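Let's take a walk through this protein together. Have the sequence and the 3D view ready, and follow along one stop at a time.

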Amino acid sequence: MHGGVTYLNQEGVKRSVSKITIPKAFNLQNVTMDVAVLKLSRPMKGKNIATIPLCSHKLRNGDSVKVSGWGLTDEYGSNPSEQLRTVMVRMVSHKKCKSEYRSVATISRTMMCGLQIFVFLFLSLFFVFLIIL
């Protein structure tokens, strides 16, 4: 695990992962429950490293959320971004999301959708959390 980096090829602060927990419901084919909890061997400290607060309430349509990662930047793309990206999106209903993606992907009950300038992003309901004990 590399912390405090912006680009995938940067070294940053290194920590080994002592445990990986993946939900039993994870399904790679339809990206259901695509989340993992990583327990690091020791705390991650350094420049550009901070704790990410968890959501404290149920998200509703119209709520703004920040999405960050090195994932795909194009819904039809196949290569992840080499640079960390962040975007603010507004939550949209599961019904609208399923309708928009009906010919592209199956939107499961564990996913949620955000809208940013006419671009729908489907996201796993849960995010990767680093558990540092």
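**A walk through the fold**

Start at Lys47, which sits in the loop between E4 and E5. Those labels belong to strands (E, runs of at least two residues), while helices are H or I runs of at least four; both are DSSP runs numbered from the N terminus. What you're looking at is a predicted model, where local features need pLDDT of at least 70 and side-chain atom pairs count only at pLDDT 80 or more, while totals for chains, interfaces and linings use all residues. Residues are numbered from 1 along each chain as its sequence is written, and side-chain values use heavy atoms, with hydrogens and water left out.

Is Lys47 buried or exposed? With a relative accessibility of 70%, Lys47 counts as exposed, because exposed means over 50% relative accessible area, buried means under 20%, and partly exposed is in between (1.4 Å probe, protein chains only). Now find Gly12: it is 35 residues away from Lys47 along the chain, yet their C-alpha atoms are separated by 8.7 Å.

Next, go to Asp63, in the loop between strand E4 (37–40) and strand E5 (64–69). Asp63 is buried, at 15% relative accessible area. So which residues does Asp63 touch, leaving aside its neighbours within four places in sequence? Asp63 is in contact with His57, Lys58, Val89, Arg90 and Met91, where contact means heavy atoms within 4.5 Å.

Now for the cysteines. A disulfide here is a pair of cysteine sulfur atoms within 2.5 Å, and by this rule the count comes to one. The partners are Cys97 and Cys113, with their sulfur atoms 1.5 Å apart. This pair links distant parts of the chain, 16 residues apart: Cys97 is in helix H1 (residues 94–101) and Cys113 is in strand E7 (residues 111–116). Cys97 is buried, with a relative accessible area of 1%, and Cys113 is buried with a value of 1% too.

Time to zoom out. The protein has one helix and nine strands, and reading along the sequence gives you the pattern β-β-β-β-β-β-α-β-β-β. It has 133 residues, of which 23% count as buried. Take the contacts between residues at least 6 apart in sequence: 46% of them join residues at least 24 apart. Finally, the protein exposes about 10000 Å², with carbon and sulfur atoms supplying 56% of it; accessible areas come from the Shrake-Rupley method with a 1.4 Å probe, and for residues only the protein chains shown count as cover.
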